[in-house]
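This briefing concerns the strand pairing and the pockets of the structure shown below. Please read the points alongside the sequence and the model.

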Amino acid sequence: MVENLTPEQVVEKINNMFAEKTAGLPTHDEVNALKSEIESLKAMEKKSADMELALAKFEGRIEAMAEKAVEKKAEKVGTIGDQVVKALKGELEAVKEGKAINLETKETTIVGDYTGNIALSTLEAGVNRIARQVAKIRQAMSGGTTTSKFVTYIQQTLQSTATWIGEGVAKNEGDVKYQEVSVEVKKVAGFIKISKEMLDDLAFVRNEVNTDLMETIDNQIENNLLNGNGVGANLNGIYTQATAWTAGTFLNTVVSANLADVVRTAIAQIETNKFMATHVILHPRDVAKLSLSKTTTGEYTYGAFVVNPVTGDPTIAGLPIISTTWMTEGNFLVADMTKAQYRMREGMNIQVGYEGDDFKRNMVTILCEARIVTFIKANDVNAFVKGTIATCIASLDPAIA
């Protein structure tokens, strides 16, 4: 094909071919075609010096192109309609002319009900989880960490004394005593089993399972910090250790007594014991009753219940309210939360492994656990006052007594 071309025309032809192939990424087939062209040119008997030089240069360029060459470019498939039109182009022409055509079909079985909305929806991101109580109690406590199975502290059991004396009179001897107290770290744990296929096939499952397990553990800790009875593996909760509310000098002296009055007298009880209350813990519905309380003439008692303008949190008698469903409705706790202690021995952690016959059933066990201890030192129990709202109101109001 090149025998009738002059050497100058051959060089120009090859230049044009290279320009065309290097306009984009050449395929391996295109590079091989160029190689064949060069080989055929090298076999020519009559070659000028310029042509020899050009062929040598082209061989070098081909080697460079071979390194960047790609596989055969995929043909654009187009839509299903495009493919049908392409395949039946001749037949469609026949249809236009009024002729009949035969279409080869294969028997296909589709299992499922496609008469409704299947495959017509979009999957929303995330999972609609069951609501859980937001953890608030631990944030108000005095916390820290420990590296031991037991937390030990020194507790004073007797204070020193001093007396006023006259000149020359012998001074009285005082005494002071201490006691060592240890509290044990407790463990909370939970696990679920899930198929390996589910973990592999649904990318979001592992994260959702881990999150759900951690929230479960966190909720158990929150509940036990408040209500744990200290028996067995349970923590010794704040409410369990708190001192009972007493009316004291307010007995039968508060007209039209309400929850705000109960809280205020509980604060007085704490301050009388030389502590400073920092929080009030109530059930959400009891918090609502505070905001709905009115005077005998219908005015809201905002003097007793207001909202912090900065945080938006409800307050009463100047104290922030912790609203939580872990507090039993109808009960209350007023506390100096700086005296409520917890120490984390082992933070929340996730472990995945085989348990029992998991391996042969292609299941995995996902475990979440934490180790924590909580305590109120014996000399600080009077910083916490608890009671039943209705009973306390009845003790304050002379009309109910």
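In this predicted model, Glu-346 is positioned opposite Arg-371, a residue of strand 12.

**Pairing of strand 12**

- Strand 11, which covers residues 341–353, pairs with strand 12 in the antiparallel sense, over 10 bridges.
- Asn-349 has Glu-369 of strand 12 as its bridge partner.
- Strand 4, made up of residues 186–195, also pairs with strand 12 in the antiparallel sense, and this pairing too runs over 10 bridges.
- For Phe-191, the bridge partner in strand 12 is Leu-367.
- In general, the strands of a sheet pair through backbone hydrogen bonds, in either a parallel or an antiparallel arrangement.

- An open sheet is formed by 4 strands in the order 1-11-12-4, with mixed pairing.
- Its edge strands are strand 1 (142–145) and strand 4, each of which pairs on one side only.
- On average, neighbouring strands of this sheet are turned by 25 degrees against each other, with direction ignored.
- As a general rule, side chains in a regular strand alternate between the two faces of the sheet.

**The largest pocket**

- The volume of the largest pocket is about 180 Å³.
- Its lining consists of Gln-156, Thr-157, Leu-158, Gln-159, Asn-273, Lys-274 and Asn-379.
- Sorted by class, this lining comprises 5 polar residues, 1 nonpolar residue and 1 charged residue.

**The second largest pocket**

- The second largest pocket holds about 150 Å³ of space.
- Residues lining the second largest pocket are Lys-136, Ala-140, His-279, Asp-313, Pro-314, Pro-320, Ile-321, Ile-322 and Ser-323.
- Strand 9, formed by residues 319–323, contributes the most to this lining, with 4 residues.
- By class, the lining of the second largest pocket has 5 nonpolar, 2 polar and 2 charged residues.

- The lining of the largest pocket includes 5 polar residues, while that of the second largest pocket includes 5 nonpolar residues.

How values were computed. Residues numbered from 1 in each chain as written. Predicted model: local features only at pLDDT ≥ 70, side-chain atom pairs only at ≥ 80, totals over all residues. Heavy atoms only, no water. 1 Å grid on protein atoms, 1.4 Å probe; cavity = no way out; pocket = protein on both sides within 12 Å on 5 of 7 lines; lining within 4 Å. Points joined across faces, edges and corners; volume = space filled by probe spheres on them. Nonpolar A, V, L, I, M, F, W, Y, C, P; charged D, E, K, R; others polar. Helix = DSSP H or I, 4+ residues; strand = E, 2+ residues; numbered from the N terminus. Pairing = 2+ DSSP bridges. Axes fitted to C-alpha atoms, helices over the stretch in contact; angles between N-to-C directions.
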